[in-house]
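Subject: Handover of a structure model

Dear colleague,

Please find the structure below, together with its sequence.

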Amino acid sequence: MSLSATTAPPSPAAPPSPDLPPRQRRGRLFNRLDVKYSPYLYIAPFFLIFGVFGLYPMVRTAWMSLHDWDMIGDHSFIGFDNYTRLFSDEYFWNALVNTFGIFALSTIPQLLLALFLANLLNRTFLRAKTFFRMVIFMPNVVSVAAVAIVFGMLFQREFGLFNWLLSFVGVDPVDWDGQRWSSWFAISTMVNWRWTGYNTLILLAGMQAIPKDLYEAAAIDGASQWRQFWQITLPMLKPTFIFVVILSTIGGMQLFTEPLLFANGNILGGNQRQFQTLAMYMYEMGIQNLNTAGYGAAVAWAIFMIIVVVSLFNFLLVRRSAK
Amino acid sequence: MSVTTRRTRLAAAALAAITAIGGLAACGNDDDKPAAGEKPAKLVVDTFGEMGYDELVKQYEKDTGIKVELRKTAQLAEYRPKLVRYLATGKGAADVTALEEGILNEFKPNARNWSDLAPLVSDHSKDYLPWKWELGKAPDGRLIGLPTDVGSLAVCYRKDLFQAAGLPTERDQVSALWPDWKGFHDAGLKYKQGSGGKAFIDSITAVSNGVMFQGNGDLFYDKEDNIIADTSPAVKNAWDTATSMADISAKAQTWSPEWSGGFKQGTFAATFCPSWMLGIVSDNSGPTNKGKWDVASVPGGGGNWGGSWLAVPAQSKYPNEAAKLAEYLTNAKSQVEAFKLKGPLPTNLEALKNDAFTSYTNEYFSNAPTGKIFGESVAKIQPTHLGPKHQAVKENALEPALRAFESGQADKAKAWEQFTKDAKTQGAF
């Protein structure tokens with residue numbers, strides 16, 4: 001561009017002439033419409049699909065939540081009663097506590113581990129990098145039901161592997177799904193096993209995007225690996241980390257399959273609901289109990305609002321701490 | 001200015017498109033009802049567990065030229081949500097749908113989802129166990145279901161384990177061990193002593209089921225369907241009997257891996273067997289344990305645990321033919337065939353008298369005369385009135401509380417409190 005500045009500028013395109021034959025004029029009109037509207041056409045499929053499978057169910061759920069809704073019978077409008085009922089519902093709060101407990105137990109160690117692994121995989125001296133990257137992602141490919149069933153067997157009271165191993169160090173068999181702490185621990189283990197590799201790969205991709213010359217310059221200045229990690233990797237990784245945190249938040253708040261299968265398919269999540277998550281409570285109220293579908297819909301919207309709030313909170317927290 | 005207007009216009013257009021699609025999806029109803037008298041090419045039958053219809057539908061296809069698609073679901077817990085979805089959306093339900101006692105009750109208050117079978121089939125009101133026939137009717141008088149089977153109670157026990165623990169093994173002697181529930185508990189303690197501390201029964205919820213269905217009065221609901229779970233003497237009786245058995249229980253939750261594995265491993269020596277449970281016991285125990293199980297009578301007299309009906313959803317396009325198929329599958333001959341194949345106990349009076357039924361012996365259970373054992377106890381069944389959400393109260397209030405007590409998470413008083421509290425919310429309808 002700058003080179004051509006010294007030479008004569010190329011003659012501008014001929015201004016549109018009114019004398020053009022009509023066919024050409026129509027072509028130009030088409031061209032203009034194409035430029036203007038085609039992009040919308042290209043992105044339309046996503047919005048149409050989102051409308052049908054995302055927006056419509058959400059609106060419908062909101063509508064249901066304002067009703068006393070029997071799944072196979074009558075519906076009557078009751079306004080916000082379902083939402084006020086939420087506040088005094090002991091089992092809703094119980095499910096909320098369980099969800100946050102399992103979320104904390106799975107997300108925090110998982111992200112720290114993922115960060116550690118990603119940093120390891122990012123090191124230049126590691127051999128067979130592709131192999132390790134593939135292996136680390138493998139747990140995520142396995143179906144969640146299979147994971148939950150296998151872990152459910154490992155955590156069994158009578159014939160479980162973990163209790164068998166514990167017996168060697170003289171620990172009495174643990175009734176894994178009997179208590180709050182042990183059931184939370186078992187479920188978080190499943191989640192961690194499945195999602196650590198996934199988050200590792202995303203963080204690794206973020207790390208790869210950091211310019212290498214920054215590290216080279218730091219190395220020349222005598223910065224240690226550890227210092228490079230704190231001063232370069234972490235700050236530069238901030239946007240990726242925020243993304244991973246929000247993704248984990250959404251996943252954690254919707255936790256359903258693992259605790260359900262851990263309870264042998266019982267929606268209560270333990271005899272005293274010690275590991276019933278919000279999603280399970282929503283299913284219990286909305287689908288299992290035919291006559292409280294409206295209340296279930298209110299729980300669904302409550303989960304949605306909680307995800308929004310927690311994501312925002314995490315976003316602010318991560319952004320501040322990474323500054 | 002122009003940017004904002006254009007943006008709003010675009011948003012409006014997008015919203016319009018979305019609503020149009022939403023509307024299309026909602027209104028996509030295919031109202032192509034067949035002409036009257038038109039013969040269907042195919043009928044669909046939905047069953048859960050093992051109802052033994054495989055051979056029967058083949059015969060029906062041959063006789064009528066109508067194809068039958070038999071859709072089987074292994075567990076009721078998987079079956080029910082599917083059925084609810086069909087009813088809620090108004091499509092997808094099979095022409096003939098098996099309904100277990102618990103879910104039938106749940107569907108009764110909204111009986112208009114089901115065809116009235118009375119005008120579609122001949123009058124069978126005298127052909128079945130009278131109480132079973134009556135239970136197939138909704139409060140509005142509509143005949144929702146034709147009776148298939150009942151779950152007459154018995155006790156399945158391991159002969160080899162009994163012998164090792166010094167207990168008698170002959171089924172008559174074993175039955176004599178426990179004329180009542182106290183006798184059963186004593187036998188359990190004796191077994192525990194003789195076997196070096198091993199558990200006798202699978203779980204205390206199995207006991208509560210056994211006691212509850214012996215017809216000692218109303219359970220969670222009275223006859224007017226008011227919830228009385230916290231005051232009902234029958235429930236209290238089941239609760240007390242069940243909790244007293246905690247010391248001989250293996251604490252294996254029914255349907256859990258501990259439970260299914262326990263049959264093979266012999267972690268318990270006895271469990272309660274409604275007729276339909278025989279197939280589950282033999283499947284879980286596997287061929288290596290063939291001949292080690294036997295069947296004895298239940299303490300305290302006969303009872304009924306479970307049992308099903310065949311219904312025709314109102315959304316079926318061929319209610320006439322579907323009703324005829326249900327009639328065929330529940331007639332005396334079919335019920336005997338199904339019993340021989342998979343064990344569901346007949347409800348048809350003629351079938352119960354049939355020689356092929358009464359003389360039937362079960363090879364897996366040491367050739368126990370299951371036809372005779374169950375056939376005799378059927379006669380003694382006192383019908384129990386189950387309210388609309390009986391199943392939910394039993395599964396989501398009573399059993400979790402019993403298990404919480406059994407596993408030591410709650411003491412007896414606290415567990416009872418948990419039950420009565422949950423029964424109120426689970427039982428509301």
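I begin with a single pair at the boundary of the two chains. Lys421(B) and Glu90(A) form a salt bridge, with 3.4 Å between the closest N and O atoms. Please note that the model is predicted. Between chain A and chain B the count is 2 salt bridges, and the rule also finds 13 residue pairs in polar contact across this interface.

On the side of chain A that touches chain B, the elements giving two or more residues are helix H1 (22–65), helix H3 (90–122) and helix H11 (278–288) of chain A. The largest share, 7 residues, comes from H1(A). By class, that side has 14 nonpolar, 12 polar and 8 charged residues.

As to the extent of the interface, 34 residues of chain A are in contact with 43 residues of chain B. The size of an interface is often given as the accessible area lost when the parts come together. Here, chain A and chain B bury about 3,100 Å² between them, and 50% of this area is on carbon and sulfur atoms.

A search of the whole structure gives 21 salt bridges over all chains. One of them joins Glu284(A) to Arg273(A), the closest N and O atoms being 2.8 Å apart. This pair links distant parts of the chain: Glu284(A) is in helix H11 of chain A, whereas Arg273(A) is in the loop between helix H10 (257–262) and H11 of chain A, 11 residues away.

Chain A also carries annotation from a record. An unreviewed UniProt entry places the feature "transmembrane region" at residues 40–59, 91–118, 130–155, 195–215, 236–256 and 295–318 of chain A. Two of these spans may be described from the model. Residues 236–256 of chain A are 86% helix and 0% strand, with end C-alpha atoms 34 Å apart. Residues 295–318 of chain A are 100% helix and 0% strand, and their end C-alpha atoms lie 34 Å apart.

Turning to chain B, there is an open sheet of 6 strands with mixed pairing, in the order E2-E1-E3-E8-E4-E9. Its edge strands are strand E2 (67–73) and strand E9 (345–346) of chain B, each of which pairs on one side only. Strand E1 (residues 42–48) of chain B runs parallel to E2(B), and 7 bridges join the two. In E2(B), Lys67(B) is the bridge partner of Lys42(B).

With kind regards

Note on methods: Residues numbered from 1 in each chain as written. Chains lettered and ligands numbered in written order. Predicted model: local features only at pLDDT ≥ 70, side-chain atom pairs only at ≥ 80, totals over all residues. Heavy atoms only, no water. Contact = heavy atoms within 4.5 Å. Buried area = accessible area lost by both parts, 1.4 Å probe. Salt bridge = Lys/Arg side-chain N within 4 Å of Asp/Glu carboxyl O. Polar contact = N/O pair within 3.5 Å; in protein donor to acceptor, adjacent residues only side chain to side chain. Helix = DSSP H or I, 4+ residues; strand = E, 2+ residues; numbered from the N terminus. Nonpolar A, V, L, I, M, F, W, Y, C, P; charged D, E, K, R; others polar. UniProt positions renumbered as here; feature names shortened; annotations may be inferred. Pairing = 2+ DSSP bridges.
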